[in-house]
Amino acid sequence: MNTSELKATIFDIQGLSVHDGPGCRTLIFLNGCTMSCFWCSNPEGMSSRPSLLYYQPNCVVCGNCANSCAYNAITVETDKIAIARTICKNCSEPVCVSQCFTDALRLSGYEITVGKLMEIIQRDRQFWGSHGGMTLTGGEPLMQIDFAEELLKRCYDSYVHTAIETCGNIAWQNFERVLSYLDWIFFDIKHFDNATHKKGTDVKNTLILDNAKKLAAGFKGKLMFRLPLVPDFNDSDSNLKATIAFLKDCGRNEINILPLHRLGGEKYKMLDKENVIADYVIPTHESLKTIKNVFAERGITCYIGSETPF
């Protein structure tokens, strides 16, 4: 097989990123995730297949999409269309998108080859500076493991600094396939209570913590644990103390706190999904400083948001 033609489904490529590894980077978002975190800012990336996005302000309610849908999944209403998501999610030929001439309908992702992505990465590297590189994220980038392995290997062989952002809820064998091609790993830990973790993400934390311990013990590159901070979910004293205990047990002395934000709100509308965190209180500067001090008092360096050591 020509590995240059190996394909993955991705939902975005962001150049000139400065928050996802050292230097300036090209950030590649792969579709599919093993978790369903209720605060996710990339809901369009949860599915392994592209999802249909509907941007109502662009819609002129012409009916072209409904007339072209072979599955009758679209209904024209007074000032918008209604989409039967359970039907359209299985559609392999979304003709409705090509028949929408106002860009009200679009797909959230697309297929791309390893060869094409390498062309983009090589094009971008002239803008990175001396410390930049490429970061795979998602979704969970290690779900599409064949593609991720080949792309990371090619980057490594081309002296491109490599990183991944992972939720950790993936078979250890997938990590083993890419570790030798990785310079950095950002590893999210959501909650240390199993029941609470499952309630917030739809999965237990057993595999995640097991993988975290293995990486802490054996990964030779930079491993940065991160805590996506969600008020009234994982910001309690007990969970912070459990996080500190875990870090110390792993021989680690730093963590990156990622405060909750609402930047993905519009995406939920376009997917007809409920935005659970719409009314959540965003962590204040004072509350984040307090949490930072909790870690500092126990010998853990805590970086808030983009205040990272790179």
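Predicted model: local features only at pLDDT ≥ 70, side-chain atom pairs only at ≥ 80, totals over all residues.

Residues are numbered from 1 along each chain as its sequence is written, and side-chain values use heavy atoms, with hydrogens and water left out.

Start with the pockets. On a 1 Å grid over the protein atoms alone, a pocket is an open set of points with protein on both sides within 12 Å along at least five of seven lines, and lining residues have an atom within 4 Å of a point. A volume is the space filled by probe spheres set on the points.

The largest pocket holds about 1200 Å³ of space. It has 42 lining residues, and Ser41, Asn42, Arg226, Leu258 and His261 are the closest to its centre. Strands are DSSP runs of E, at least two residues long; helices are runs of H or I, at least four. Strand E1 (7–17) gives the largest share of this lining, four residues. By class, the lining of the largest pocket has 18 nonpolar, 16 polar and eight charged residues. Here Ala, Val, Leu, Ile, Met, Phe, Trp, Tyr, Cys and Pro count as nonpolar, Asp, Glu, Lys and Arg as charged, and the others, Gly among them, as polar.

The second largest pocket holds about 600 Å³. Of its 28 lining residues, Pro50, Ser51, Leu52, Cys88 and Lys89 are the closest to its centre. Helix H2 gives the most to this lining, three residues.

Now go inside. A cavity is a set of points where a 1.4 Å probe fits but cannot get out. There are two cavities of 30 Å³ or more. Cys59, Cys62, Cys65 and Cys100 are among them. The second largest cavity has a volume of about 40 Å³. Its lining includes Trp39, Arg262 and Tyr268.

Last, the helices. How do H4 and H5 cross? Their axes (lines fitted to C-alpha atoms over the stretch in contact, with angles from 0 to 180 degrees between N-to-C directions) come within 10 Å and cross at roughly 40°. H4 and H5 are therefore oblique to each other, since angles under 35 degrees count as roughly parallel, over 145 as roughly antiparallel, 65 to 115 as roughly perpendicular and the rest as oblique.
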